[in-house]
Amino acid sequence: MSRVVGIDLGTTNSLVAVRRDGATTVIPDESGDRLLPSVVSIGESGAIHVGREAQRRLLSDAARSVYSVKRFMGRGIEDARGEEQWLPFKLGGDPGSVIRVRLGERTFTPPEISSFILRELKRRAEAFFAREGDIDPEVSAAVITVPAYFNDAQRTATRDAGRLAGLEVLRIVNEPTAACLAYGLDRRRQGVVAVYDLGGGTFDISILRIEDGVFQVLATNGNTHLGGDDFDRLLVEMVARDTGIDPAAAPEAVQAIRKAVIQAKLDLSEFEETRIEIDSLPGRAGPYSRRLTRDEFEAIIGPVVARTLEPCRKALADAGLDPGQVDEAVLVGGSTRVPLVRREVERLFGRAPHTDLNPDEVVAIGAAVQADILVSGRREMLLLDVTPLSLGIETMGGVVSKIILRNSTIPASGGEMFTTFVDNQTAVDIHILQGEREMASDNRSLGRFKLRGIPPMPAGLPRIQVRFQIDANGILSVSARELRTGIAQTIEVKPSYGLTDEEVERMLIESFEHAQEDVEARMLIDARNEAETIIAATEKALRRPEFGAIAAADLDPKELVLIHAALADLKQSMGGGDRYAIQVKAAALNQVTRHLAEVMMNRTVQAALAGRAAADVAAEGR
Amino acid sequence: MQPDTKAVPIDKCRHCGSEAPVDVHVCPRCDRLMTLGRLGDYFTFFGLRRRLVLDVQELDQRYRALSRLFHPDYFHNAPPAERLASLERASYLNDAHRTLRDPAARLEYLLKLEGFAPKQSREAASAVPQGLLEEVFALNEELEAVEELRESGVPAEAVAARLDEARRPVEATLEAHERRLLELAQAHDASLESGDAEGRRETLGLLETLLLERTYLTNLLAAVRRHEAGAGSART
């Protein structure tokens, strides 16, 4: 039997995990990397690059590369206003329909781009199972996670992406719920859990009650356009102001800045201060360097973090709970590593949040657990999730009549009776919306459909029962029946921001034409990935505030020269296509930094020991 | 005659044709999920009598047990008919749980089942219930006076205090209604137990009026709060 995996299709990184014999594994690639950057780049020849290689191409060929595509799933061009200028790729499409991403000569929809990422994860998992010696390593089905606050169009787009990648999507699961499942796995947990999930591009808060192995979501809230990307953009804007870079004229420079500020952001989760360093920028003689303290960083991102608190309060109110009734708070998503985020969550819920599982991996693990439940049919655990947004239809005067209320446990259903306005009318137009506002125009349009085949009757006589069914994926289907005659109606839903079945079919056929991959190209990519890891570790050490003191005390000045030379050498070879040169120079850098690594490690150990000694003293004093 | 002691409606198993009462979820002969019949109601689905006072914890427990019985997660590899039965049954269970868990929704549902409270039009729902006329008129006058005060430039704190004052009698009436609703619910359940069908219908009639008034009062309080929010924004 082929494998079923769990996939976290993230804004910044994507992961694939599997649960076998009661153990869950996040599947690494050949070089041991468990995160796949959600970046896609199209080469001149039409070759599709995904992950680290695509990330590098952002710096050299930005206009052919796309990141954070998840932010555009199930959306239209009008949703991207205000951020377009900072993106290296061009967006298109008609307002009110699917957004298009232009990369080189070709245009793609977000589900297609996501399918390239999913395909890579599928390949990664199959290679892993083959290495493990499985007779049939094929992966044909998956559970894929989405933000809890994703609407119907965004969920459907994700399911389409799975189909395009050749995966049967067994279930769409909400990310915070999956995380909670992963957390509740090994312990016999009971009580109320708040999951705060701040990722690269989306924010979710879910309140769950766990009892008798049933994980029941009480309420969820969030913002599908709020995340770590917003931190990055604020920092990029700061550097752009500093340097006078015009984002439209220099997309590669913007990406170089973006890479540097992301590194600085990561540093500041660990240290009190760091430097933003960029080797070269257009119109600048030397390298760019700027000191950034954690306090400054927190002042910059403070307003973004504050925007996560209101959804938390709303979710609590919908669950009918006070913050004090939450037994545990769980942090999910890479952006929850930011100390300010942790402090705010702690303040809101009045307790220190759990961080024992890796916030990058916990969602994928939960997805794998859910995949295992679906395949095995074992009934120890059960997820009961909710629909995040109310579902309604447009009625007279553009007002929304709600049919299924937000935070209803799914699957859920609702019905509405329709009739005709003129004699012998045989069709009725129905507009489906999702959202909480009173007026149709303020909500998200999911689609329009026409009820056809109504038997000709005087106006007002037909009684057409329309049933709305939200399944366990949170995805809507509609059926209708005329009650007087019992005739079932034909329904064609025209999705506002989705693809029709025919479009998906056509894309599937096209994708086969581009599926062949070059083995040598892959090996080159693997070599670059490994080299990049060493470069990042070295540069991080060099940037540490106390590095000057360390170098003076423990390093030979000649050693420092050698390190810088080896670093520059390796960076230079990265741009070329010579896999062996990269491997040799990476080994050289590894060699010359070995002593430095030891020194750093000793320092860390000493610091930890000193810290513990101080804590012991404090404990004795009490 | 009591509706809930009538013979329980019967459904047929789509697979083996066996007959089973509608509150039986799994076919007693072939062990498959029964296709959801349309003859039952939320109470029978949970195996409950039509009582208005429910132990919510017990309801939750039954809900979890039934979820374990037919959630779509467990029918992933089942044939399509079985999967559909699971989806329909799970949906119905969720809708039933949501309705029965909330006392007001539960009462409204029971009234509908028993032939009370026909679906109201928008106009009927916004008309002032007879029993509340005096109180509503008094409140409206007070709200108008407050509005005038605010326009004349009286400090926002004073306006807020007046609104607070205006809200109090409405809140007191609402509380009295809640107490009365609970008493009547208990009376209803007692008539159900003792088989006093006439007394039960009479109580349901009273409950219908009271529920309408309660809904009206809740909306009224929300309106006062909107006024208060207006006073708050006037301060800045």
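So, domains first: chain A is split by an automatic or database domain assignment into domain 1 (3-226 + 307-384), domain 2 (228-305), domain 3 (391-511) and domain 4 (519-621). Between the centres of domain 2 and domain 3 of chain A, taken over C-alpha atoms, there are 47 Å.

Quick housekeeping. This is a predicted model, where local features need pLDDT of at least 70, side-chain atom pairs count only at pLDDT 80 or more, and totals for chains, interfaces and linings use all residues. Residues are numbered from 1 along each chain as its sequence is written, with chains lettered from A and ligands numbered from 1 in the order in which they are written.

Okay, a sheet in chain A. It's open, with 3 strands in the order 6-5-7 and antiparallel pairing; pairing takes at least two DSSP bridges. Strands here are DSSP runs of E, at least two residues, and helices are runs of H or I, at least four, numbered from the N terminus. Strand 6 (48-50) and strand 7 (65-67) of chain A are the edges, each pairing on one side only. Strand 5 (residues 39-42) of chain A is joined to strand 6 by 3 bridges, and A:Ser41 has A:His49 as its bridge partner.

Now over to chain B. Helix 2 (residues 56-70) and helix 3 (residues 80-101) of chain B have axes that come within 10 Å and cross at roughly 170°. Those axes are lines fitted to C-alpha atoms over the stretch in contact, with angles from 0 to 180 degrees between N-to-C directions. Roughly antiparallel means over 145 degrees, so helix 2 and helix 3 of chain B qualify.

Conventions: Parallel < 35°, antiparallel > 145°, perpendicular 65-115°, else oblique.
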